[in-house]
Amino acid sequence: MNNKKLGRVVALAGALSLALGACSSGGGDSASSGSSKSSADGPKVSCEVPEINTNGEKVDTSKVDGEITWMTQGLQSDFKEYFEGVIKKFEEENPGTKIKWTDQGGAEDFDNLIATQAQGCKMADVINVPSSTIMALSSRQFLMDLDVKAPGIGDHILPDIYKSAALGKDGNHIAVPWYFGPFVTVYNKEVFERNGLDPNNVPKTMEERFEAGKKIAEAGKGDFALWGNPQWQIAAEWGSMGVKMMNEDNTEFTFAKDPNALKWLESMKEMNDLKVIPPDSFTSEPDPGKAYNKGNLAFGTPNPAFVRNIKNNNAEVYGKTGVAPYPLSEGGQQTVSPQFIAVSVTTKNAPLAVKFAQFITSAEQEFDWARNGGAVIMPPSAEALDKLIANPPEYTSDDLMKQDFEIAVEAAKGAKTSPSQAYLTGQVQNTLSEAVVKAIKGEIEPQTALDNAQAEMNKLIKQLKK
């Protein structure tokens, strides 16, 4: 699987629909019909919503039959055989059921595609979505409240991840974390040595990473330290430095007042002034993978799957590559953005949809997907992680991949997700990235860039919530 697609698979998703309008959803057997007929606090839809999907009762999954559609994001081309086997297993365990699998291909406008499907009442019964899409759909209550309809569905999920994944109305769960890619440090040992850095003493904090950049500049060998496009890494790097993106109730961005955000931005500007950031990287793609493969960039894509990508595509650079834990400053936190499984509030077969969602996100299936699916991912389940450690995937057969896997597992255990990452997408993400780049390039003062970005981003999320 190529690295660009892999980036999509680990939930670094595209544009957020900030103008869903009068969205719609799938049909059913009671509750509402006609133009925008629904309860004041229910989903605003133009087609019927089965009462079983929105009342206060748990969905009975003891008897299931019929057919539902399951939609994934960018998985069918690379993992078709694996998931066909998973579906077959479920259907055999539940005679009389049929799971129709579709896939949206992980396009950059994925959120808009799903919003359009919701508007046209064509969204799949069970959907695999990143957190940004959850927010787009949650704002119109298009996803089933799983705390009510499937209580206990997330009991096996790591507590810190599940607690912070309550992205629905009133802090409820409308989706279950399915898998994610924690961050690791991927670095070029030869670049380290060439510039007087110790490849066995990798920076443990972001501050140390910036110091390494200074040494690369002083060495004057023409190598680069860091990538300029911040879209994919800013949330992780700010998290590792302890930046608080939003206020306590996650209603508005507050990072402009955080001294660590300013420290990061000033340090990045210094790196650019020292010419250890590739000048074309600000307008290039967010992923530094291609540049890393040229052999003159110290730090590569911080995804454990990137190491396997190097192994499969560039043996020379793979031999020079090392891995280490992702840098964490005092008060920092490994933050992740999982892929989720959710159920459409307009499904016509709630029992089957809920049961399949419970099946695909179970500890057993999350372990199987991480071990046997062919992707370098981590399950958000403590039980599945423990089982994965005892039964590592086949790709850990060589020393570097084994080290990469072990570091990723440890990072997964302590990882958290955050509602702020659900908002940090589309126009909101672009606003932050554009302001940050201007400050790094010296076109605007760092504090002014943070203030301006925060003000505009808060306007945008207010639009989303209306």
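Visitor: In which sense do β1 and strand β2 pair, and over how many bridges?
Guide: In this predicted model, β1 and strand β2, which covers residues 97-103, pair in the parallel sense, and the pairing runs over seven bridges.

Visitor: Which residue of β2 does T69 stand opposite?
Guide: T69 stands opposite K100 in β2, and, to give another pair, E67 has K98 of β2 as its bridge partner.

Visitor: And is strand β1 mostly covered or mostly open?
Guide: Strand β1, made of residues 66-72, is mostly covered, since five of its seven residues are buried.

Visitor: How many strands form the sheet, and in what order?
Guide: Five strands form an open sheet, and reading across it the order is β2-β1-β3-β7-β4, with pairing that is mixed. The strands β2 and β4, the latter being residues 176-179, stand at the edges with a single partner strand each, so one side of each is left without a neighbour in the sheet. Neighbouring strands of this sheet are also turned against each other, by 30° on average when direction is ignored.

Visitor: Which strands does α2 touch where it packs on the sheet?
Guide: Helix α2 touches β1, β2 and β4 as it packs on the sheet, and its direction makes about 165° with that of β2. Helix α4, residues 131-138, packs on the sheet as well, where it touches β3 (126-130) and β7 (339-343), and the direction of α4 makes about 120° with that of β3.

Visitor: Staying with α2, at what angle does its axis cross that of helix α14?
Guide: The axes of helix α2 (residues 76-93) and helix α14 (residues 350-360) cross at roughly 125° and come within 11 Å. That angle makes α2 oblique to α14, and the crossing in which α2 passes α14 is right-handed.

Visitor: Which residues make that contact?
Guide: On the α2 side the contact is made by V86, K89, F90 and E93, while α14 brings L352, K355, F356, F359 and I360. Sorted by class, the contact of α2 with α14 has six nonpolar and three charged residues, and no polar ones.

Visitor: What about K275, where is its place?
Guide: K275 has its place in the loop between α10 and α11 (289-292), and its phi is near 65°, which is a positive value in a residue other than glycine.

Visitor: Is K275 buried or exposed?
Guide: K275 is exposed, because its relative accessible area is 64% and the cut-off for being exposed is over 50%.

Visitor: Last one: which helix does Q403 lie in?
Guide: Q403 lies in helix α17, which spans residues 399-413, and Q403 is partly exposed, with a relative accessible area of 36%.

Visitor: How far apart are Q403 and P325, in sequence and in space?
Guide: Q403 and P325 are 78 residues apart in sequence, and in space they are 10.0 Å apart, taken from C-alpha to C-alpha.

Key:
Residues numbered from 1 in each chain as written. Predicted model: local features only at pLDDT ≥ 70, side-chain atom pairs only at ≥ 80, totals over all residues. Heavy atoms only, no water. Axes fitted to C-alpha atoms, helices over the stretch in contact; angles between N-to-C directions. Helix = DSSP H or I, 4+ residues; strand = E, 2+ residues; numbered from the N terminus. Parallel < 35°, antiparallel > 145°, perpendicular 65-115°, else oblique. Left-handed = near helix turned anticlockwise from the far one by under 90°. Contact = heavy atoms within 4.5 Å. Nonpolar A, V, L, I, M, F, W, Y, C, P; charged D, E, K, R; others polar. Buried < 20%, exposed > 50% of the residue type's maximum accessible area, 1.4 Å probe, protein only. Pairing = 2+ DSSP bridges.
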